[in-house]
Amino acid sequence: MRLFVFTFFLVLIPSFCMFSQDNLTDFLKKYDAHLYSCTTVAKEMPGFVLTASQESSSTITCANESANGQQNRQLQTLLAITCLLLMASLILCLFLYKRAMALRLSQCRQNSTMKHLEDTNKQLGILNQNLSEANRVKEEYIGCFLDLCSENIGRLENYRKMIRNRLATKKYDELMRIVSTDSNTAESRDMYSYFDKAFLKIYPGFIPALNEQLKCNKRFDIGKSEILNTELRIFALIRIGITDSAKIATFLRCSIQTVYNYRCMIKRKCLDGQMDIEAFIKQIGIKGIF
């Protein structure tokens, strides 16, 4: 902008000077023409003789004309140079403007790319967090599964030893009594207790998160027992990915209709009747829901 203003003044000042000089030149030319006409008329008069002052005035006039011509040529040269400078300035301003626009466009694209990268990094962070959570859950479940398998193997070994001893001592009546006794109830109770403790260890905030979506008088409270009831075990199995009612019924040793009734009852207990409570249960512990 400063360059443009400077160029404008460079054009304006010589133009003004040329305009003033042209007026002065026209005036001197008219004066010389009038003086020449008067001298010509005087020469034709009888007895007219040019004086020294008149001859000097004619010489001065010629010198002024020569100087004015030279000055006009200089001013024309200056004007041409000024025009060239003005054109160069305009071209330079146009080039700088295009360069500034290109830089601004490049900066906008760079900002857009940076924002896209930030969003991508956030999504990758969420995925990494979910993967870490999934790996942690798998490790916990594998550890619990190995412990349970080891415990069951120990029980089977003790049971075989007891049967072998009874057979060796021919205590057939006692052996028949042991075999006839239903021990599934105690073993199932131990298995459910082990499952409840393992699940609450992996998802310690499962019950509080579920209670937040239920009506006040329909919330669950297990206290410090770490023992889940049948309804909570159904939702715990849904949380770990077992959603088939038949499989849930087999695991809990109940009917499919019982599982279906519990799954329908939980929907009526929600604060929001339109909420997909099972979808919410599947997200507990993954997306910051604890």
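Which residues touch the most other members of the largest nonpolar core? I looked it up in a predicted model, where local features need pLDDT of at least 70, side-chain atom pairs count only at pLDDT 80 or more, and totals for chains, interfaces and linings use all residues. Residues are numbered from 1 along each chain as its sequence is written, and side-chain values use heavy atoms, without hydrogens and water.

**Core.** I found Phe-206, Leu-210, Phe-220 and Phe-235 at the top of a 30-residue core. A nonpolar core here is a set of buried (under 20% relative accessible area, 1.4 Å probe, protein chains only) Ala, Val, Leu, Ile, Met, Phe, Trp, Tyr and Cys residues joined through side-chain atoms within 4.5 Å. Helix 6 gives the largest share, six residues. Helices are DSSP runs (H or I, at least four residues), numbered from the N terminus.

**Phe-206.** I skipped neighbours within four places in sequence. Phe-206 then contacts (heavy atoms within 4.5 Å) Phe-199, Phe-235, Ala-236, Arg-239, Ile-281 and Ile-284.

**Helix 6 with helix 8.** I checked residues 230–239 against residues 256–269: the axes come within 10 Å and cross at roughly 90°. Axes are lines fitted to C-alpha atoms over the stretch in contact, with angles from 0 to 180 degrees between N-to-C directions. So helix 6 is roughly perpendicular to helix 8 (65 to 115 degrees). Phe-235 of helix 6 and Tyr-262 of helix 8 are among the contact residues.

**Helix 6 with helix 7.** I read an angle of about 130° and axes 11 Å apart for helix 7, residues 245–252. Helix 6 is therefore oblique to helix 7. The contact includes Leu-237 of helix 6 and Phe-251 of helix 7.

Key. Helices (H or I, at least four residues) and strands (E, at least two) are DSSP runs, numbered from the N terminus. Angles under 35 degrees count as roughly parallel, over 145 as roughly antiparallel, 65 to 115 as roughly perpendicular and the rest as oblique. Buried means under 20% relative accessible area, exposed over 50%, partly exposed in between (1.4 Å probe, protein chains only).
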